[in-house]
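Here's a quick walk through a predicted model, from its nonpolar cores to its ligand. Have the structure open as you read.

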Amino acid sequence: MARSASMRSEQADRPVALVTGSTSGIGEAVARRLAADGMRVVVHSRRSAQAGEALAAELGGAYVRADLAVEDEARGLVEAALGRYGRLDVLVNNAGISRPIPHDDLAAATPADWRQLLEVNLIAPWVLCTAALPTLRQSPVGGSIVNITSHAGVRPKGSSVPYAASKAALNHVTRLLAAALAPEVRVNAVAPGLVDTPMTKDWAHAHEVWRNRAPMRRPAQPADVADVVASLIAHTYLTGEVIMLDGGLNLT
Ligand code: NAD
């Protein structure tokens, strides 16, 4: 009896992490890694509720569905996480969209494309940071936000100009918020190059570039990104960093 009470209190002490877009690709790898590191994980997706429920059950976490392009649903996601666990220590803004558009075809990147990419890749993370801030500030282990951005937000590359601009903006928001929210909450970003995920499965040319030109001679695996996210959360003095994770392609 006493043992099960102490197990319940150990359970309640474990930090809680919300990982957006975590039923596939990078988000799923991050959710698995943070659970393996002992956190209680809130799995989220826009559509795939069955996969989300299954992953949450496997990790002993919770699942919440929300379309982050809808502000109320984004706020509701944080509320649902708090309703379930009463606290949030880590927010990983991973969910994002990409749309291949040649950079020199200006007419093809319509204002509607711009709005949609900025809505999901920039404004949704902002709404989630805003909604989560009060609880992150109270985290007994120190709140931590990790944004998944892109090497395209650092160099003039990427699937489209609006995508790259959305990620560049999120890199800058990372630094601005790191300065504004310290010391209670740390804010960092991982800026991957090509990662082998459903988003990039048809990007044959990019895969060839990484195999032939990147010093590491391969794209990243989702677990490579998850390793860096876990390190950023664990290193409690680190804030305001945008870690390029492109296998060294930027050196070539
Ligand atoms: P993915 O398609 O597997 O994951 C993207 C996730 O975002 C999905 O779970 C999707 O449902 C979710 N999402 C998209 N729109 C949403 C919305 N409106 N509401 C809620 N969820 C939404 O792709 P991934 O490669 O794992 O991408 C994860 C993140 O990494 C994205 O932000 C992406 O821009 C970034 N990234 C990926 C690569 C790469 O090469 N794969 C490189 C750099 C950055």
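Let's start with the inside. The largest nonpolar core has 31 residues, and L68 and L91 touch the most other members. A nonpolar core here is a set of buried Ala, Val, Leu, Ile, Met, Phe, Trp, Tyr and Cys residues joined through side-chain atoms within 4.5 Å; buried means under 20% relative accessible area, exposed over 50%, and partly exposed in between, with a 1.4 Å probe and protein chains only. At least two residues of this core come from each of β1 (16-19), β3 (62-65), α4 (71-85), α5 (111-137), α6 (161-181) and β6 (185-192). Helices (H or I, at least four residues) and strands (E, at least two) are DSSP runs numbered from the N terminus. The largest share, eight residues, is supplied by α5.

Now zoom in on L91. Beyond its neighbours within four places in sequence, L91 is in contact (heavy atoms within 4.5 Å) with L18, L128, C129, A132, L136, S144, I145 and V146. There is also a second, separate core of 30 residues, with L34, M39, V225 and A230 among them.

A word on the ground rules. Residues are numbered from 1 along each chain as its sequence is written, and side-chain values use heavy atoms, leaving out hydrogens and water. As the model is predicted, local features need pLDDT of at least 70 and side-chain atom pairs count only at pLDDT 80 or more, while totals for chains, interfaces and linings use all residues.

Next up, S98, which sits in the loop between β4 (90-93) and α5. S98 counts as buried, at 19% relative accessibility. Its side chain makes a polar contact with the side chain of S159 at 2.8 Å. Such a contact is a pair of N or O atoms within 3.5 Å; within protein, one must be able to donate a hydrogen and the other to accept it, and residues adjacent in sequence count only if both atoms are side-chain atoms.

On to the ligand. Of the 28 residues around the ligand (a heavy atom within 4 Å), S24, N94, Y163, V195 and T197 come nearest. Both α2 (25-36) and α6 supply at least two residues of this shell. Here are some distances from a ligand oxygen atom to a side-chain N or O atom:

| Residue | Distance to a ligand oxygen |
|---|---|
| S24 | 2.7 Å |
| K167 | 2.9 Å |
| T197 | 2.6 Å |

The protein covers 92% of the 810 Å² of accessible area that the ligand has on its own (Shrake-Rupley method, 1.4 Å probe).
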